[in-house]
Amino acid sequence: MLLWIRAGLVLLVVALFAVGHLLPAVYRGEATADVPLGIDTVWAAAHAVEQVPISGQARHVERLPDADGRPSWVEDLGSTRLTVVTESWDAPRTAVRRVTDAEAPVSMRMEIALAPLQGGTRATARMSIEIATTSWHGPFFRWMMLLTGGARLAVKSWLRRLNKTCAATATGAASPGRA
């Protein structure tokens, strides 16, 4: 009986891995938040990468030399490192960032768009996450993205951190960090 249970578990893992290879490689998410501050203040907060990193799990953020005035940095997540390069921007309206993972076969593209509103700024974040299946991580990450709506959760979380940083700026309080 125990042999059948073990065999069933092995078959389940193999099936999940095989189906993971067949799941989509690209996952997209978009979210919008209205911030009751001017566009220049929100732009500055969006580029305060120590307070508003791409990943909410960043333990440490290391700034890299700017490329043509555009920020680049590395986010240390403990188990891996994300390298973030700002590919283009049109201050204070849009920025496009490319993110690569040092360990997993994952790359991301994040677009940030800011638009002035009556009494504030509309911040829109779009993320595209591409997961290759060149290692054992890929199929399992694809399952996680599918089951959790990971790309949309990522941009919603980033916008929450942006809002907290903006609120701290508006009140003159210390930055909330990566809460």
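# Notebook: a look through a predicted model

**Entry 1. A proline in a loop.** I began at Pro 92, which sits in the loop between strand E4 (81-90) and strand E5 (94-101). The model is predicted. I looked up the peptide bond that leads from Ala 91 into Pro 92 and found it cis, with omega near -5°. I noted beside it that most peptide bonds are trans.

**Entry 2. The whole chain.** I then stepped back to the overall layout. I listed four helices and seven strands in the protein. Read from the N terminus on, the elements run α-β-α-β-β-β-β-β-β-α-α. I looked up the box filled by the C-alpha atoms along the principal axes, and it is roughly 65 × 30 × 30 Å. Of the 179 residues, 39% count as buried.

**Entry 3. Near the start of the chain.** I picked Leu 2, which belongs to helix H1 (residues 2-22). Is Leu 2 buried or exposed? I found it exposed, because its relative accessibility is 53% and the cut-off for exposed is over 50%.

Entry 4. I found Arg 70 in strand E3 (residues 70-76).

**Entry 5. Asp 68.** I followed this up by looking at Asp 68 itself. Asp 68 lies in the loop between strand E2 (60-67) and E3. Its phi is near 55°, a positive value in a residue other than glycine. For contrast I wrote down that most residues other than glycine have a negative phi.

**Entry 6. Salt bridges.** How many salt bridges does the structure hold? I counted six, and I looked up some of them one by one. As a reminder to myself, side chains of opposite charge can pair when their charged atoms come close.

- Arg 63 and Asp 66 meet through their side chains in a salt bridge, 3.2 Å from N to O. Arg 63 is partly exposed, with a relative accessible area of 35%. Asp 66 is also partly exposed, at 43% relative accessibility.
- Glu 87 forms a salt bridge with Arg 98, and the closest N and O atoms are 3.4 Å apart. This pair links distant parts of the chain, with Glu 87 in strand E4 and Arg 98 in strand E5, 11 residues apart. Glu 87 is partly exposed at 35% relative accessibility, and Arg 98 is partly exposed at 28%.
- Arg 109 forms a salt bridge with Glu 111, where the closest N and O atoms are 2.5 Å apart. Arg 109 counts as partly exposed at 29% relative accessibility, and Glu 111 counts as partly exposed with a relative accessible area of 27%.

**Entry 7. A threonine pair.** I found Thr 124 in strand E7. Thr 124 counts as buried because its relative accessibility is 10% and the cut-off for buried is under 20%. Which side chain does the side chain of Thr 124 contact? It makes a polar contact with the side chain of Thr 32, at 3.3 Å.

**Entry 8. The largest pocket.** I finished with the largest pocket, which holds about 760 Å³ of space. It is lined by 26 residues, and the closest to its centre are Ser 55, Gln 57, Leu 77, Met 108 and Met 145. I checked which elements contribute to the lining. Strand E6 (106-117), strand E7 (120-131), helix H3 (137-148) and helix H4 (150-171) each supply at least two residues. What kinds of residue make up the lining? I sorted them into 14 nonpolar, nine polar and three charged.

Key. Residues numbered from 1 in each chain as written. Predicted model: local features only at pLDDT ≥ 70, side-chain atom pairs only at ≥ 80, totals over all residues. Heavy atoms only, no water. 1 Å grid on protein atoms, 1.4 Å probe; cavity = no way out; pocket = protein on both sides within 12 Å on 5 of 7 lines; lining within 4 Å. Points joined across faces, edges and corners; volume = space filled by probe spheres on them. Nonpolar A, V, L, I, M, F, W, Y, C, P; charged D, E, K, R; others polar. Salt bridge = Lys/Arg side-chain N within 4 Å of Asp/Glu carboxyl O. Buried < 20%, exposed > 50% of the residue type's maximum accessible area, 1.4 Å probe, protein only. Polar contact = N/O pair within 3.5 Å; in protein donor to acceptor, adjacent residues only side chain to side chain.
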